[in-house]
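Trainee: I have a protein model open and I would like to learn how to read it. Could you take me through it step by step?

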Amino acid sequence: MEDTKALIEKGAELIKSSSKILVFTGAGISTESGIPDFRSPGGLWSKYDPSDFYFQKIISDPDIRKKYWKMSSETYRVMKAAKPNPAHKAIKKLEEAGKLLAIVTQNIDRLHHRAGNSEEKIIEIHGTAFSASCLSCGKKFDRDELEERILKENLEDPRCDSCGGIIKPDTVSFGQPIPQEKLEASFRFASICDLCLVLGSSLVVYPAASIPERALDSGSKLIIINRDPTHLDKMADVVIHGSLSKILPEMVHLALEG
Ligand code: NAD
């Protein structure tokens with residue numbers, strides 16, 4: 001088995017020879033910013049029951065909705081306080097070097113924006129925690145203002161102040177479709193990239209996980225950096241199991257300046 005140093009060098013060579021890199025990120029890129037992922041030990045699913053948070057249950061069951069809002073407000077506070085880590089900053093360097101085609105992120109924490117990547121390069125396929133909407137009239141709510149109201153009025157199930165409808169953060173829950181235009185743009189980028197970097201994703205959530213699969217099918221090279229193995233490891237050109245905030249900056253530095 002190749003050692004980590006050799007794999008980082010191999011990854012750096014691939015970055016060096018690529019000009020259209022598609023970065024695909026999951027919750028694992030943000031754990032070192034203090035935001036727990038879903039599936040790791042100590043992750044959100046060790047604290048909450050994922051089957052409670054299906055869209056249909058959220059909209060139909062007031063008790064589930066109260067649980068959902070408790071989890072959502074708690075994680076939002078953590079996300080808001082979090083800062084981009086060296087892995088997010090390394091992706092910003094790829095954009096500065098003119099090599100970044102797009103970032104397709106499953107994350108809802110806006111850390112790619114806060115690391116300085118341009119808005120137009122980022123596709124948040126699972127939406128964002130930083131705003132919310134009324135499911136009846138579509139009214140938009142700034143998340144900070146909404147959270148302030150929730151705290152001040154001690155709300156367990158906040159309602160739209162215009163029509164009384166159910167409010168939900170602008171995130172894509174299980175059972176809720178990804179907006180078509182975001183999915184299409186992601187597949188378009190996956191079809192034309194020359195390198196796909198999969199960073200911190202278990203690749204078990206579909207249809208998101210089919211984006212790197214499309215890149216592979218279209219002839220792209222594939223690098224996976226993830227603490228745990230994924231089903232695409234056997235197809236990848238480089239696989240490194242380890243800490244993203246250590247491995248990715250080193251690989252990008254070698255590629256751009258080494
Ligand atoms: P996941 O929890 O299924 O997988 C995360 C993966 O990251 C794991 O395989 C783990 O081994 C790896 N990982 C964790 N920390 C790492 C580190 N420091 N370095 C390298 N690898 C690390 O997450 P997923 O694949 O993104 O899919 C689940 C869903 O989680 C997504 O839909 C996303 O919307 C949601 N989510 C997002 C956030 C966020 O915005 N930060 C947080 C929790 C969950």
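Predicted model: local features only at pLDDT ≥ 70, side-chain atom pairs only at ≥ 80, totals over all residues.

Trainee: Let's begin with helices. At what angle do the axes of α4 and α9 cross?

Mentor: When two helices pack, look at the distance between their axes and the angle at which they cross. Here helix α4 (residues 86–96) and helix α9 (residues 244–257) have axes that come within 8 Å and cross at roughly 25°. Angles under 35 degrees count as roughly parallel, and α4 and α9 are therefore roughly parallel to each other. Their crossing is left-handed.

Trainee: Which residues make the contact between α4 and α9?

Mentor: On the α4 side they are P86, A87, A90, I91, K93 and L94, and on the α9 side L244, S245, L248, P249, V252 and L256. Sorted by class, the residues of this contact are 10 nonpolar, 1 polar and 1 charged.

Trainee: How does α1 pack against α9?

Mentor: Helix α1 (residues 4–16) packs on α9 at an angle of about 50°, and their axes are 8 Å apart. That angle makes α1 oblique to α9. The crossing of α1 and α9 is right-handed. From α1 the contact takes in L7, I8, E9, G11, A12, I15 and K16, and from α9 it takes in I247, E250, M251, V252, L254 and A255. By class, there are 9 nonpolar, 1 polar and 3 charged residues in the contact of α1 with α9.

Trainee: Let me try a pair. What should I note about α7 and α8?

Mentor: Start with the geometry again. Helix α7 (residues 180–192) and helix α8 (residues 210–217) have axes 7 Å apart and pack at an angle of about 30°. This makes α7 roughly parallel to α8. The crossing is right-handed. S186, F187, A190 and S191 of α7 meet S210, I211, R214 and A215 of α8. The contact of α7 with α8 divides into 4 nonpolar, 3 polar and 1 charged.

Trainee: Now for the cysteines. How many disulfides does the count come to?

Mentor: To call a disulfide, we ask for two cysteine sulfur atoms within 2.5 Å. By this rule the count comes to 0 disulfides. For C163, the nearest cysteine sulfur belongs to C134 and is 3.5 Å away. For C193, the nearest is that of C196, at 5.3 Å.

Trainee: What does I240 touch?

Mentor: I240 is in strand β9 (residues 238–240), and at 2% relative accessibility I240 counts as buried. The residues I240 touches, again leaving out those up to four places away, are T4, L7, I8, I224, I225, N226, I247 and M251.

Trainee: Last topic: what should I look for in the backbone?

Mentor: Most residues other than glycine have a negative phi, and most peptide bonds are trans. N154 is not a glycine, yet N154 has a positive phi of about 55°. N154 lies in the loop between α6 (143–152) and β6 (167–171) and is exposed, with a relative accessible area of 66%. L203 also has a positive phi, near 55°. L203 is in the loop between β7 and α8 and is buried, at 2% relative accessible area.

Trainee: Which peptide bond is cis?

Mentor: The bond from Y206 to P207 is cis, with omega near 10°. P207 is in the loop between β7 (195–199) and α8.

Conventions:
Residues numbered from 1 in each chain as written. Heavy atoms only, no water. Axes fitted to C-alpha atoms, helices over the stretch in contact; angles between N-to-C directions. Helix = DSSP H or I, 4+ residues; strand = E, 2+ residues; numbered from the N terminus. Parallel < 35°, antiparallel > 145°, perpendicular 65-115°, else oblique. Left-handed = near helix turned anticlockwise from the far one by under 90°. Contact = heavy atoms within 4.5 Å. Nonpolar A, V, L, I, M, F, W, Y, C, P; charged D, E, K, R; others polar. Buried < 20%, exposed > 50% of the residue type's maximum accessible area, 1.4 Å probe, protein only.
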